[in-house]
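Here is a short briefing to read alongside the sequence and the model. Have both open as you go through the points.

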Amino acid sequence: MTDLDTPPVAATSPTAAPARPRAHRAFLAILRRDLLVTAKELWVILVQVGLTPLFMLFVFVKVLGGQGIVARNFADLFLPGIVALAALTTALQSVALPLVKEFGFTREIEDRLLAPLSTNLVAVGKLVVAMLRGLVAAALIYPLGALMVGSAPWQPGRLPMVLLTILLGGWIGGGIGMTLAMILPIQRINITFSLVVTPIIWTGCIHYPWPRLSSMPWFQTVTALNPMTYVSEGVRGAMLPGVAHIPAWVCLLVLTGVAAMVTVTSVRSFSRRAVQ
């Protein structure tokens with residue numbers, strides 16, 4: 001048989017390797033898996049949400065309010081701050097602690113790093129899930145807090161502002177948690193959480209509006225450096241527009257800028273750790 005009689009070779013072989021799925025499909029698949037896990041662990045989120053915020057509400061509103069130490073309308077000022085606190089801290093914890101384990105002895109992160117998408121997208125997926133967990137936490141704490149104190153401020157027309165502020169706060173919390181988990185040694189992560197979360201809580205204007213600190217300029221300046229302040233003031237201003245607060249556009253501008261910074265920092269830290 002001559003070369004001319006040789007049948008042509010097919011351009012593709014039935015045994016050829018299948019095409020790799022597109023990055024966005026892999027990203028959505030991983031995101032869907034994380035959301036299913038979140039739904040199964042809803043009670044865990046409820047416990048995370050319920051302990052510190054609800055105990056704070058009980059002590060400050062029921063105990064101190066019942067003794068007349070704090071004003072009766074303090075609950076209306078305090079509840080928006082508690083909602084903001086639940087969103088940011090839940091997002092922070094929900095991404096930091098699992099990452100410590102996944103990059104530690106379990107090595108579970110290797111499954112995600114082998115997915116057909118960039119390492120940066122893996123990190124972004126973690127931030128998205130953390131943000132959504134923060135939103136769920138805020139949605140749970142609001143009715144629970146309202147049941148505990150007996151009332152709650154509500155402005156249906158300002159709900160978009162509340163949601164946007166909470167989503168930004170959750171994203172920032174996730175970015176802070178990811179950065180801490182990536183740059184700190186495993187044995188120091190617990191003590192660092194205390195050193196980071198405690199100032200966030202007590203200098204974040206959770207208990208009081210920021211403008212009322214004008215009599216303490218130094219402390220007002222300190223609270224202005226805390227992104228938690230703008231989450232609290234954004235939620236409080238939307239729920240209680242008649243109370244003095246930081247303007248909504250200032251809160252959104254600051255939170256957007258901080259969200260951009262923590263995104264760059266956390267994604268770079270994640271990628272660097274993944275390569276190592």
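W43, V47, L51 and F55 make up a nonpolar patch on the surface, with about 480 Å² of accessible area together. L51 belongs to helix 2, which covers residues 42-66. This is a predicted model, in which local features need pLDDT of at least 70 and side-chain atom pairs count only at pLDDT 80 or more, while totals for chains, interfaces and linings use all residues. Numbering starts from 1 along each chain as its sequence is written, and side-chain values use heavy atoms, with hydrogens and water left out.

**The surface patch: terms**
- A patch is made of residues with over 30% relative accessible area and no salt bridge, joining like charges within 9 Å and nonpolar side chains (Val, Leu, Ile, Met, Phe, Trp, Tyr) within 5 Å.
- A salt bridge here is a side-chain nitrogen of Lys or Arg within 4 Å of a carboxyl oxygen of Asp or Glu.
- Accessible areas come from the Shrake-Rupley method with a 1.4 Å probe, and for residues only the protein chains shown count as cover.
- An α-helix has 3.6 residues a turn, so residues three or four places apart point the same way.

**Overall picture**
- The protein has 10 helices and 0 strands (DSSP runs, H or I of at least four residues for helices and E of at least two for strands, numbered from the N terminus).
- Of its 276 residues, 46% are buried (under 20% relative accessible area, with exposed over 50% and partly exposed in between; 1.4 Å probe, protein chains only).
- The protein exposes about 14,800 Å², and carbon and sulfur atoms supply 66% of that area.

**The nonpolar core**
- The largest nonpolar core holds 69 residues, of which L57, F78, I82, L99, M178 and F270 touch the most other members (a core is a set of buried Ala, Val, Leu, Ile, Met, Phe, Trp, Tyr and Cys residues joined through side-chain atoms within 4.5 Å).
- Helix 3 gives the most to this core, with 18 residues.
- Leaving out residues up to four places away in sequence, I82 touches P53, M56, L57, I141 and I206 (contact means heavy atoms within 4.5 Å).

- A123 sits in helix 5 and is buried, with a relative accessible area of 0%.
- Its contacts, not counting residues up to four places away in sequence, are M178, V267 and F270.
- V267 and F270 are among the buried residues of helix 10, which also include C251 and L255.
- A123 and G175 are 52 residues apart in sequence and 9.5 Å apart in space, C-alpha to C-alpha.
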